[in-house]
Amino acid sequence: MTDPNSKKEGFKKCRSATFSIDGYSFTIVANETGDSNTRPLGRIARSKSQNSIWSTIFGGLNLKEKPKPTIVKDDRNPEEILADELPQLDSPEALPKTAIRLRSLVKQLERGEASVVDLKKNLEYAATVLESVYIDETRRLLDTEDELGDIQSDSVPSEVRDWLASTFTRQMGMMLTRTEEKPRFRSIVHAVQAGIFVERMYRRTSNMVGLSYPSAVISVLKNVDKWSFDVFALNDASGDHSLKFIFYEMLTRYDLINRFKIPISALVSFVEALEVGYSKHKNPYHNLMHAADVTQTVHYLLLKSGVAHWLTELEIFAMIFAAAVHDYEHTGTTNNFHIQTRSDVAILYNDRAVLENHHLSAVFRLLQDDEEMNILSNFSKEDWREFRMLVIEMVLATDMSCHFQQIKAMKNALQQPEAIDKPKALSLILHTADISHPAKAWDIHHPWTMLLLEEFFKQGDREAELGLPFSPLCDRKSTMVPQSQIGFIDFIVEPTLTVLTDMAEKIVMPLIEEASRSGLAGFRRSSLNSINSSEVKRSNVKSIGSEGSASLNCSVLTVDFKNFRGTWIEEVQKNRDRWKAKAAKETEEKTKREAEENANKGEEGSRMESSEEKKKPEECVSTKTEISKEPNSGQTKSTEVSKSTSNGTRLSSVSRQDSQGENKLKVAKAADSRQGQAEEKQHVHNGELKDDSTKKIDQKDQPSLQNEIKKVDDKED
């Protein structure tokens with residue numbers, strides 16, 4: 001027990017005291033002398049608007065809120081109370097005991113007997129408790145499920161609860177009742193305690209009826225669990241059907257065909273229709289190969305990060321499905337292009353996630369309109385609604401305009417103590433896979449980059465035709481490819497993969513710890529039974545899958561985050577260095593080219609100056625020649641005057657009658673035409689004027705002109 005007389009450091013009797021701890025100010029006010037009414041404990045309440053809403057709801061339902069907690073009293077003296085051990089922060093008695101201890105401190109302050117050590121220790125503890133209460137209460141106010149939990153389920157009809165959920169929350173009627181057939185578990189331990197073998201996940205069945213895998217496809221699929229899987233090789237081996245084999249392979253590996261009773265004929269028809277949709281616009285990048293690549297990358301991220309152990313089979317199916325369909329019927333242009341050109345889809349979806357909305361709508365319409373390709377036909381209503389909700393959220397999150405918002409939201413979530421929201425986690429996985437190729441081997445990354453830029457350039461060509469400004473990276477004449485890729489890696493790809501890895505660690509580490517504590521070292525949530533080449537049956541009714549010699553250990557205890565992070569970091573660094581080398585080389589070549597152009601311009605300028613200097617004496621010679629030829633030009637002028645005089649005399653004599661005038665005018669025009677042709681034949685050769693031909697023509701044409709006019713006169717006479 002603390003001696004009240006031992007530590008009185010300058011405290012005196014007072015009515016209030018204010019302290020500042022960790023940036024927070026706390027004021028303790030004592031009751032007035034003789035005031036028997038203790039001051040009420042502060043508590044966080046709903047706002048007035050919230051109170052009015054809930055009062056209306058409770059009034060209409062004739063319900064009463066939970067009784068308010070009463071103030072706990074302790075009749076012991078303050079010294080005894082403060083001598084007790086501080087309870088755990090998360091224990092139920094933390095808040096009431098904090099209140100008792102603070103009241104004890106107030107009493108000591110009134111008597112001037114408060115100890116500095118006790119005061120500081122209890123105020124720090126009270127601040128921590130209040131902060132915890134504030135956070136919990138804030139989350140409760142923001143959590144719609146918790147708000148709905150205030151209404152007792154046994155006293156409120158299910159229809160009312162569904163109405164509240166669909167009207168006042170974003171759950172859209174997702175108040176699903178989990179059947180015993182498909183429970184959810186928060187940990188591996190709970191699953192084992194419930195007697196559920198999670199080994200059913202990710203296994204292969206040897207008697208599955210399905211696709212026939214060509215030997216070349218089997219060879220490529222050996223590497224399907226690797227980060228830098230070569231989807232180009234798979235597309236070549238499968239005859240441009242990489243999406244069909246990847247999608248079928250993933251559903252088979254996770255045993256989803258059996259679990260959800262997917263008709264094989266419907267599956268084959270659906271995936272073939274997917275490939276047709278991806279090939280609709282003949283895009284260089286957003287095609288079926290891109291869909292296959294993203295689907296395989298999602299599988300790798302789920303498997304190697306251990307996140308697959310955190311998900312239900314339905315969530316894994318939604319993840320793979322969303323990856324396969326996320327760019328269905330892509331037009332090869334950006335959302336902004338659709339908005340700027342006011343396309344039909346932009347008008348339909350109000351300029352919001354234009355392409356992403358179209359991908360989703362077109363795919364679900366495909367499933368709904370044709371029963372022969374509806375792979376979800378055996379879903380329950382609850383499964384279908386949850387599946388659709390997850391797929392919609394994931395695909396909409398691939399809208400690049402949401403990137404920074406998505407990354408920021410996940411960073412904030414990682415700072416919170418509660419678990420990560422599953423739809424948000426799945427959305428980040430798909431978004432990461434969608435932009436992951438810069439973090440893969442150069443032989444994979446570089447071809448994808450060139451294909452994407454070609455698609456951008458095609459859009460730029462269309463923008464030029466339409467008179468629109470070029471979108472970023474769409475001008476094939478000015479786009480700096482290496483610099484653009486370096487920026488993409490530094491500001492988009494690397495930060496995204498970093499956040500994804502941190503998210504996976506937060507999700508999976510508790511699973512690993514629980515498995516270790518429970519002695520589940522041999523526990524396998526999923527397994528992959530490999531098929532040796534001798535077991536491969538190339539039959540049209542057998543699913544032979546990928547070939548291998550050893551089974552893949554998928555225990556959660558085998559997850560290696562250091563290796564997972566190191567794999568993509570290494571490839572990112574290599575690709576960044578390659579692009580930097582290319583950028584330096586391009587800069588060097590550009591500088592050299594500009595220097596050569598400047599040198600060529602200098603040479604052309606000097607040649608032009610020398611040629612001008614040579615022309616000056618020639619111009620002087622030409623001027624002298626023209627001066628010496630002036631008499632001849634005078635002769636020509638006199639000849640022309642005589643001709644015009646002769647023509648004028650003759651024409652004036654025939655102007656008496658219209659018909660006579662017309663005939664003579666024709667003759668005169670013909671003569672003038674011949675004279676003009678003769679004059680055009682004058683030319684300059686070696687600085688001398690040649691006019692001999694003109695003289696001959698003038699002497700020759702004058703008699704003929706007179707003869708022709710005379711003939712006309714004779715005819716008229």
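Guide: A patch is built from residues with over 30% relative accessible area and no salt bridge, like charges being joined within 9 Å. The model shown here is predicted.

Visitor: Which residues gather in a patch of negative charge on the surface?

Guide: The patch of negative charge consists of D230, D236, D240 and D443. Of these, D240 lies in the loop between α9 (231–237) and α10 (242–253).

Visitor: Which residues form a nonpolar patch on the surface?

Guide: For nonpolar side chains the joining distance is within 5 Å. Here L95, L130 and V133 form such a patch, and together they have about 230 Å² of accessible area. L95 belongs to helix α3 and is partly exposed, at 42% relative accessible area.

Visitor: How is R101 placed, and what does its side chain contact?

Guide: R101 is in helix α3, residues 94–111. R101 is buried yet has no salt bridge, for the nearest side chain of opposite charge, D84, is 5.3 Å away; a salt bridge requires a distance within 4 Å. The R101 side chain does make a polar contact with the side chain of N122, at 2.5 Å.

Visitor: Is H309 buried or exposed?

Guide: H309 counts as buried, because its relative accessibility is 6%. H309 sits in the loop between α13 (288–305) and α14 (313–325). H309 and I507 are 198 residues apart in sequence, while their C-alpha atoms are 9.6 Å apart in space.

How values were computed:
Residues are numbered from 1 along each chain as its sequence is written. This is a predicted model: local features need pLDDT of at least 70, side-chain atom pairs count only at pLDDT 80 or more; totals for chains, interfaces and linings use all residues. Side-chain values use heavy atoms; hydrogens and water are left out. Accessible areas come from the Shrake-Rupley method with a 1.4 Å probe; for residues, only the protein chains shown count as cover. Lys and Arg count as positive and Asp and Glu as negative; His and the chain ends are not counted. The place of a charge is taken as NZ of Lys, CZ of Arg, CG of Asp or CD of Glu. Helices (H or I, at least four residues) and strands (E, at least two) are DSSP runs, numbered from the N terminus. Buried means under 20% relative accessible area, exposed over 50%, partly exposed in between (1.4 Å probe, protein chains only). A polar contact is a pair of N or O atoms within 3.5 Å; within protein, one must be able to donate a hydrogen and the other to accept it, and residues adjacent in sequence count only if both atoms are side-chain atoms.
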